[in-house]
Amino acid sequence: MIYDIAVVGGGIIGTATAYKLSLKFPDSRIVLLEKESKLAFHQTGRNSGVIHSGIYYKPGSYKAKNCLDGRKQLVKFAQENEVAHDVCGKIILATKEEEIAGLEKIFARGIENRTEGIRKIGPEEIKELEPLAEGVAAIHVPCTGIIDFKGATRKMGELFLTNEHNEIRYGVQVNGIKNKDNETELTTNEGKVLCNRVIFCGGLQADRLAKMEGLDPRMKVVPFRGDYYELAESSKHKVKNLIYPVPNPEFPFLGVHLTRMTDGTVECGPNAVFSFDREGYSKTSVNVTDALDALTYSGTLKLFAKHWRNGINEQRRAFSKSLFLKALQGLIPSLTMNDLAPGRCGIRAQALAPDGTLIDDFHMINGRRSIHVLNAPSPAATACLSIADEIITRFETLN
Ligand SMILES: Cc1cc2nc3c(=O)[nH]c(=O)nc-3n(C[C@H](O)[C@H](O)[C@H](O)COP(=O)(O)OP(=O)(O)OC[C@H]3O[C@@H](n4cnc5c(N)ncnc54)[C@H](O)[C@@H]3O)c2cc1C
């Protein structure tokens, strides 16, 4: 049996792509292969749950374009399919005068990116929106929201399966890719899978899947762990919605923030710490292959050489609740150690170029009869339905 299309990776990108492919090609036989026992097991199921507005991204970039379009599609999808979500808005808070120039730049980008409804606000309005936050100025972003990304992914999977031609196969890990004359053969732990076309959405394993096909991805996935604390039950009232700092423009991460989740919890984080394990969710996890892979790569060494001070500070903060609290107190000074309960963590797949540059934008390449999504960092969960459209446009040009 030969599938028309195989999609590898049941995170939100692979699942959104499979779902949209099934709408576009209802007569095709499509299989979604996922190595874990459920969808959204890695990045998608461990993220901050924020529907990003698109305010931050370089105008004209794939991130800017797909975040705007993807957000609108995702909110509509959530409304139509009863996925828990709330377009509750957020503030980006400048806590000292020196941050105002950075805030102004973000605002200017927001205008260029057509982020709806953004407004500059002062201390009084900050207090109206977030009574315990202290800042000199802020941007109110009303179109930011929160969503249950696991629920959204599961729903897309369910809708994909309403077409009887389609299949989701769990516990199937692709370990080899062979392009034959008329089809592609995927070697998996469950035997061979034959297909005419393949779309790889492997997240933290994306570079390895490209190499498996004999391609040179010209990047490596470097894992950055993000740890969270939770506000204790008695402290949840201290945050109404979402409070973000002005981010450091040198990094693609947004800085530790406070986020109300759709289940009512309030999360604090994530930091961004180099991880020695792509899929190990504890602060001390080490995977020898992953660690060697990253530490022998020119890109990682160059990144460390340039940002060693920041890297050491992030490692220290990862193991010190009081340092983590200090960062959060920048946003809400009255928070105390008792407000913070231990939380979970997620690992970001960040593409790094050989010269040590963190590849900021979404990035995909074509194989012989395949597409590899190589970089889909935040806001890719927000943008998933728009990224799926981009993938399908590319797919239609494959030979
Ligand atoms: C801490 C953190 C916070 C974030 N916050 C946000 C946010 O608030 N909003 C937002 O929009 N984005 C956020 N992001 C980014 C977002 O989560 C990711 O961009 C998105 O989830 C990427 O989805 P994906 O499908 O590419 O990857 P993943 O969700 O990682 O899925 C990849 C899948 O491929 C499977 N796979 C890999 N290799 C194989 C193989 N060989 N065979 C079979 N299956 C394979 C994996 O098991 C996995 O299920 C955050 C990310 C992190 C880590």
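**Domain contact and side-chain pairs**

Colleague: Across the interface of domain 1 and domain 2, how many salt bridges does the rule find?
Modeller: The rule asks for a side-chain nitrogen of Lys or Arg within 4 Å of a carboxyl oxygen of Asp or Glu. Applied across the interface of domain 1 and domain 2, it finds a count of five.

Colleague: Which pLDDT must side-chain atom pairs have to count?
Modeller: Residues are numbered from 1 along each chain as its sequence is written, and side-chain values use heavy atoms, with hydrogens and water left out. This is a predicted model: totals for chains, interfaces and linings use all residues, local features need pLDDT of at least 70, and side-chain atom pairs count only at pLDDT 80 or more.

Colleague: How many Å separate the centres of domain 1 and domain 2?
Modeller: Start with the bounds, which come from an automatic or database domain assignment. Domain 1 is 1–86 + 146–219 + 359–399, and domain 2 is 220–358. Taken over C-alpha atoms, their centres are separated by 25 Å.

Colleague: How many residues does domain 2 give to the contact?
Modeller: Contact means heavy atoms within 4.5 Å. Domain 1 brings 31 residues to it. From domain 2 the number is 35.

Colleague: Which three residues supply 25% of the area that domain 1 buries against domain 2?
Modeller: Buried area is the accessible area (1.4 Å probe) that two parts lose on being put together, summed over both. Here the two domains bury about 2,500 Å² between them, with 52% of it on carbon and sulfur atoms. On the side of domain 1, one trio supplies more than any other three residues: Arg46, Leu204 and Ile359.

Colleague: Which element gives the largest share of the side of domain 1 that touches domain 2?
Modeller: Helices (H or I, at least four residues) and strands (E, at least two) are DSSP runs, numbered from the N terminus. The elements giving two or more residues to this side are β4 (85–86), β8 (145–147), α6 (206–212) and β20 (370–375). The largest share, four residues, comes from α6.

Colleague: Which residue meets Asp290 in a salt bridge?
Modeller: Side chains of opposite charge can pair when their charged atoms come close. For Asp290 the N to O distance is 2.8 Å, and the side chain it meets is that of Arg208.

Colleague: Why is the pair of Tyr19 and Phe77 edge-to-face?
Modeller: Rings of Phe, Tyr and Trp (its six-membered ring) pair if their centres lie within 6.5 Å; planes under 30 degrees apart are stacked, over 60 edge-to-face, the rest tilted. The whole structure has seven aromatic pairs. Tyr19 and Phe77 have ring centres 5.7 Å apart, and the pair is edge-to-face because their planes are at 70 degrees.

Colleague: Which residue does a cis peptide bond join to Gly269?
Modeller: Omega is about -5 degrees at this bond. The partner of Gly269 is Pro270.
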